[in-house]
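Colleague: I would like to learn how to read a model like this one. Please take me through it.

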Amino acid sequence: MSETLLAVEPAVEWPEAARAEIAETLTHYPNLRSAVLPVMWIAQREWGWLSPAVLRLVARTVELPEPEVFGVATFYTMFNLKPVARHHLQVCMTLSCSLMGADRLFRHLESKLGIGHGESTPDGRFTLRRVECLAACGGAPCLQVNETYHENLNEARVDRLLETLE
Amino acid sequence: MSAPRGPLLFKDIDAPGLTVIETYRRGGGYETVGAVLGKKSPDECIEVVKASGLRGRGGAGFPTGMKWGFVPKQTPKPKYLVCNADESEPGTFKDRELMEKNPHLMIEGMILAAYAIQANTGYIYLRGEFAEIGRIVDRAIAEAHAAGLLGENILGSGFRFALHTHLGAGAYICGEETALLSSLEGYRGQPRLKPPFPAVEGLYASPTVVNNTETLMNVPHILKHGPAWFRQWGTEKSPGTKIFSVSGPVKRPGNYEVAMGMPLRQLLDDLCGGMRDGFQLKAVIPGGSSVPPLPASMLDTGLDYESMNAAGTFVGSGGVIVIDDGTCLVDALLNITRFYRHESCGKCTPCREGTYWMEEVLLRLERGEGRAVDIDLLNDVADNILGKSFCALGDAAAMPVMGFIKHFRPEFEHHITHKRCLTNRRRAALAEVMA
């Protein structure tokens, strides 16, 4: 388990809007446990990442032991277990994207931003990550920025895209 | 108005505003719900789907009607219908387009399937990256609910069905149906032992049918027009159409709905416009990255379950990945193997250890440190995974390794003897594509 997960932080509480959304989500399932992924998504949207304090809040919310919740959070790749920047650049590196230039695109982003896989720019603007297949193979190479897909990229297009991301 | 992109699911796919329920209904959408619920028996619906010969479009190709028939009729437990919209097999991107453009067809298919198996609750399990698609589907669900097509007493039939989306969070394994159910229950997405099969003990240990998005979208058409109509496309054992997602350096990559049995060559040459200038076709992976590739000499193979099996590969999910002659196949196979190593859930030894060792050996080849015994070693490790892992992920990792070596062994030998790729023209050719 990473050091971040073991750090001690003050407890956090849900904002009112999130509380209402969670209450509605819980009605979708016959038990609390099934809501663990949806509740984590709500938390990640609220705080940007799942800090240990946030994971403890999730555990209380769905009434699960903390280790269970930490185990679930670490299984899935999309939960951020450390802070990410405003624009999370996720470059697909799987075969179809690789055939169409993903490796080159990733190297370009690395050198342009001066950061590697899993790192963020010091100004908190970009986090760069290699990810696996995004189901956008027909528009390879594909880059997911936060929730949005950008397809058929090359160096010039990705440069223009970055300029629009403040 | 451009020509229809396909006979069934893609017929109106690009119609403007199709995500809005009024537009969908103007084209006859949801008519089948009214014609079936309370008017035909659930068993009749199952029989029609059985007779249509519809097979699962997610990858396994299991007969859909038969799967529905396994759900026990008399049970005190609730029943569930789950749509597998995880679309995680590399090379596959059809369900994303289907849901983005025609979510109501999926909802209609789910209402009908739920009625056939008498399930009152359904979930659509979307991969986490599909958050934006999820919002489109959620809006469509809300519209259907407001129109009395979801919820209590649907169209006065007495049948009730509640439907919810559920977002995964990045895990290939969750496309495997029992891992998907674990994930939906709030556990790590690890597979479960079969039997019991989900139809008997699935979600919350209750009878559950898990069907792929494309499979469910065929259901309204089949129940509306009947099995004989559906069988006008495809072959005897592979009836209907299938959407193939084509990627790689072809002129027009994208999703194509074709009658099953169409020769692979016709899909690539006529529909996709052939290869991009400067690229020659070397290999095609026809059904997602987990299936063995076909060399250029086998392009006349039909895109149906039987023909593909006879050629030593599978229709799978329909993810057609085209590999050009400038691509080093050791490099390509390393990419595939790295994917499965990354996605192995760690539950069983053959998959967890085997995918790691296959990647290590391929990395050795890629670095020019390969030994003469390494090709047989790769085959041996793959053979020790195939059929011996807990779920199909192990097979998915083993089959490409065995298939690439079977068809392209000289290229692997060249890599070992010369300590470098047989070809490295890809980077030069790509420079032009990306300019």
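Colleague: How many residues does the contact take from chain B and from chain A?

Modeller: Start with the ground rules. This is a predicted model, where local features need pLDDT of at least 70, side-chain atom pairs count only at pLDDT 80 or more, and totals for chains, interfaces and linings use all residues. Residues are numbered from 1 along each chain as its sequence is written, while chains are lettered from A and ligands numbered from 1 in the order in which they are written. Two residues are in contact if their C-beta atoms, placed from the backbone, lie within 7 Å. Here chain B gives 47 residues and chain A gives 37.

Colleague: Which element gives the most to the side of chain B that touches chain A?

Modeller: Helices (H or I, at least four residues) and strands (E, at least two) are DSSP runs, numbered from the N terminus. α13(B) gives the most, with 6 residues. Elements giving two or more include α7 (131–146) and β3 (162–167) of chain B.

Colleague: Where do the domains of chain B lie?

Modeller: Domain bounds come from an automatic or database domain assignment. For chain B it gives domain 1 (21–230), domain 2 (241–324) and domain 3 (329–426). The C-alpha centres of domains 1 and 2 of chain B lie 27 Å apart. Across their contact, 13 residues of domain 1 meet 17 of domain 2.

Colleague: Why is helix α9 of chain B largely enclosed?

Modeller: A residue is buried if 20 or more other C-beta atoms, placed from the backbone, lie within 10 Å of its own. The helix, residues 213–225, is largely enclosed by the rest of the structure because 11 of its 13 residues are buried. Among them are Leu216(B) and His221(B). Gly226(B) follows α9(B), with a positive phi near 90°.

Conventions
A residue is buried if 20 or more other C-beta atoms lie within 10 Å of its own, exposed if 12 or fewer, and partly exposed in between; C-beta atoms are placed from the backbone.
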